[in-house]
Amino acid sequence: MNRTLTRFILIVISLVIVVGVVIGVRAIVIAVKRSSDIATIEKRYPDAIVTPSGLRYIILEPSNGPKPITGRPVRVNYIGTLLNGKEFENTYTQGNPLEFNVGVNEAIKGFDEAVADMREGEKRLVIIPPELGYGGQSKGGIPGNSFIIFELQLYRVR
């Protein structure tokens, strides 16, 4: 083998190792942040109910109203915040409740799951893990891999 080819192979191997290390470090950083976030959530919301998907919620105001029907529209008001308390959206101040068809992927998975389990008039605090929210992607004022919190009221079931 000539020297040029040997050097090229060594450079490629070095690049593969560096990329692997960078990916591994990033995964560790994400895992540490997630553990810290979960500890904060468990301390701040010890009475939250945890669903099999990892969604957490606390019923703030129960209701005996009707439950949503899959594929039918609902209207909800909410205040969305990050774990640090920073508000990213508020339908109350916007004066426009969100309307979407429940259970047909028109909202993020965690939001859809939470609303599908509620009753008209009910208010909940909902904590959505990244995998049921926006995952690793940033969206608006929401950084990737963020837990997002909604104070959510199911305003109307149709």
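Reader: Where does N84 lie, going by the strands around it?
Author: Keep in mind that this is a predicted model. The side chain of N84 has a polar atom 2.9 Å from the backbone nitrogen of K86. As for its place in the fold, N84 sits in the loop between strand 3 and strand 4.

Reader: Is N84 buried or exposed?
Author: The cut-off for exposed is over 50% relative accessible area. N84 comes out at 63%, so the label it gets is exposed.

Reader: How far apart in space are N84 and P68?
Author: Along the chain, the two are 16 residues apart. Going C-alpha to C-alpha, the distance between N84 and P68 is 31 Å.

Reader: What about N105, then: buried or exposed?
Author: N105 is in the loop between strand 5 and helix 3. Its phi is positive, about 60 degrees, although N105 is not a glycine. With a relative accessible area of 68%, and the cut-off being over 50%, N105 is therefore exposed.

Reader: And which loop holds N145?
Author: N145 also isn't a glycine, and its phi has a positive value near 60 degrees. Its relative accessibility is 22%, so N145 counts as partly exposed. You'll find N145 in the loop between strand 6 and strand 7.

Reader: Which residues of helix 3 are buried?
Author: Helix 3 covers residues 109–116. Its buried residues are covered by parts that include strand 3, strand 5, strand 6 and strand 7. The buried ones are G110, F111, D112, A114 and V115.

Reader: Which residues does F111 contact, leaving aside neighbours within four places in sequence?
Author: F111 is one of the buried residues of helix 3. With those sequence neighbours left out, its contacts are V76, Y78, L98, F100, I128, F150 and L152.

Reader: Which residues lie nearest the centre of the largest pocket?
Author: The volume of this pocket is about 180 Å³. Strand 4 (87–90) and strand 5 (98–101) each supply at least two residues of its lining. By class, that lining has ten nonpolar, three charged and no polar residues. Of the 13 lining residues, those nearest the centre are Y78, E89, I108, Y134 and F150.

Key
Residues numbered from 1 in each chain as written. Predicted model: local features only at pLDDT ≥ 70, side-chain atom pairs only at ≥ 80, totals over all residues. Heavy atoms only, no water. 1 Å grid on protein atoms, 1.4 Å probe; cavity = no way out; pocket = protein on both sides within 12 Å on 5 of 7 lines; lining within 4 Å. Points joined across faces, edges and corners; volume = space filled by probe spheres on them. Helix = DSSP H or I, 4+ residues; strand = E, 2+ residues; numbered from the N terminus. Nonpolar A, V, L, I, M, F, W, Y, C, P; charged D, E, K, R; others polar. Buried < 20%, exposed > 50% of the residue type's maximum accessible area, 1.4 Å probe, protein only. Contact = heavy atoms within 4.5 Å. Polar contact = N/O pair within 3.5 Å; in protein donor to acceptor, adjacent residues only side chain to side chain.
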